[in-house]
Amino acid sequence: MSTSGRKKTIYFVQVLFSTVCLGWVAAALAKTDWAAVGELLENISPEMFVSALAVFTFLYASRLLRLRYWIHSATEKRLPWRSWIGLYLAATALGSVTPGRLGDAAKIPLLLRTGLSLATRGKVYLLEKAMDLAYLPAGLCLTASVVSMNLHVTERSLLYAGVTGLLLCLFVVSYFGRSLGQGALAVGWFFTAAGFFLYVIANFLLFRSLGLTLTLSDVAAVTIAVGVIAALPISLGGLGVRELSFIAVLGIWGVSRETAAPVLILEFFVNMVFPGLLYGLWRGFSICSAKGTE
């Protein structure tokens, strides 16, 4: 089978897997009291919800700043801020709707204007992916006590798994980032740590907007547990897998289906729709600005 045919087959399998998972989600929610779900959505706190979207936007900004810093460490050529924002939002929007977030790889051709070689651009992309994956084992270490109580797994085994995963990420990051220098990697880790806490806080605000009173550590544990599963490249941008995982994990934390259902709706919005919405707003702003200068 050709490379093109193999990619199409993998894509078809991933779409099929997402479809099956969505069907499973529908079956799991079949007996849900949708009137209660509608009431929760009607009474959503607009202040909390808008705050969550703002924090998600800051999260994207932290990742953009990290990428920009790395590129500037590798080349003297500078791109204007408008180009950087458009590039990053376009790749993020593509990543949100592609299997395993492969659309993020759009950064590689989009960064052509930096003058960097294809090999260097590819290493920066892989460095970015490896550093973002460190969210999961690091988060597992931080929430091991909470996860162990709710999943009935020993805290020690979770810590071992987290430390092992973190060491593996450190090795991969050092390999792909060695050409950038230790200073660039240190700055990258700073933005990554900031992004991790922004991600947890954004989800905490999202949950609170629905009146869900999980603690910050509980929200971190839930989102990390779901993130580990949704990060697997087995579905269309985590679609279906993420929702099914939320139902299972929130159920362990004692959250009813009537409360879990609106969580799924909001998580779908921020993960699948919001990145594309941001890019669309940016494109509209850019077009209007260009017309205004003519």
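Student: What kind of crossing does helix H3 make as it passes H4?

Tutor: A crossing is left-handed if the near helix is turned anticlockwise from the far one by less than a right angle, and right-handed if clockwise. Here H3 passes H4 in a right-handed crossing. The residues in contact (heavy atoms within 4.5 Å) include Tyr60, Arg63 and Leu64 of H3, and Trp81, Trp84 and Ile85 of H4. Please keep in mind that this is a predicted model, in which local features need pLDDT of at least 70, side-chain atom pairs count only at pLDDT 80 or more, and totals for chains, interfaces and linings use all residues. Residues are numbered from 1 along each chain as its sequence is written, and side-chain values use heavy atoms, with hydrogens and water left out.

Student: What are the angle and the axis distance for H3 and H4?

Tutor: Two packed helices are described by the angle between their axes and the distance between the axes. Helix H3 (residues 46–74) packs against helix H4 (residues 81–95) at about 120°, and their axes are 10 Å apart. H3 is therefore oblique to H4 (under 35 degrees is roughly parallel, over 145 roughly antiparallel, 65 to 115 roughly perpendicular, the rest oblique). The axes are lines fitted to C-alpha atoms over the stretch in contact, with angles from 0 to 180 degrees between N-to-C directions.

Student: How do H7 and H10 pack?

Tutor: Helix H7 (residues 135–142) and helix H10 (residues 182–209) meet at an angle of about 60°, with axes 11 Å apart. This pair is oblique as well, and its crossing is right-handed. Tyr135, Gly139 and Leu142 of H7 make the contact with Thr192, Gly195 and Phe196 of H10.

Student: How many helices and strands does the chain have?

Tutor: The chain has 13 helices and zero strands (DSSP runs numbered from the N terminus: H or I of at least four residues for helices, E of at least two for strands). Among contacts between residues at least 6 apart in sequence, 73% join residues at least 24 apart. Proline 46 lies in helix H3.

Student: Why does serine 148 count as buried?

Tutor: Buried means under 20% relative accessible area, exposed over 50%, and partly exposed in between (1.4 Å probe, protein chains only). Serine 148 counts as buried because its relative accessibility is 12%. Serine 148 sits in helix H8 (residues 144–151) and, leaving aside residues up to four places away in sequence, touches Val153, Thr154, Glu155 and Leu158. Across the chain, buried residues make up 47% of the 294 residues. Proline 46, at 49%, is partly exposed.

Student: How many aromatic pairs are there?

Tutor: A pair of aromatic rings is described by the distance of the centres and the angle of the planes. Rings of Phe, Tyr and Trp (its six-membered ring) pair with centres within 6.5 Å; planes under 30 degrees apart are stacked, over 60 edge-to-face, and the rest tilted. The count here is eight aromatic pairs. Tyrosine 175 and phenylalanine 176 are edge-to-face, at 5.1 Å centre to centre and 80° between the planes. Phenylalanine 196 and phenylalanine 197 have centres 5.3 Å apart and planes at 75°, so this pair is edge-to-face. Phenylalanine 196 is buried at 10%, whereas phenylalanine 197 is partly exposed at 49%.

Student: Which residues form an aromatic cluster?

Tutor: Phe49, Phe269 and Phe274 form one.
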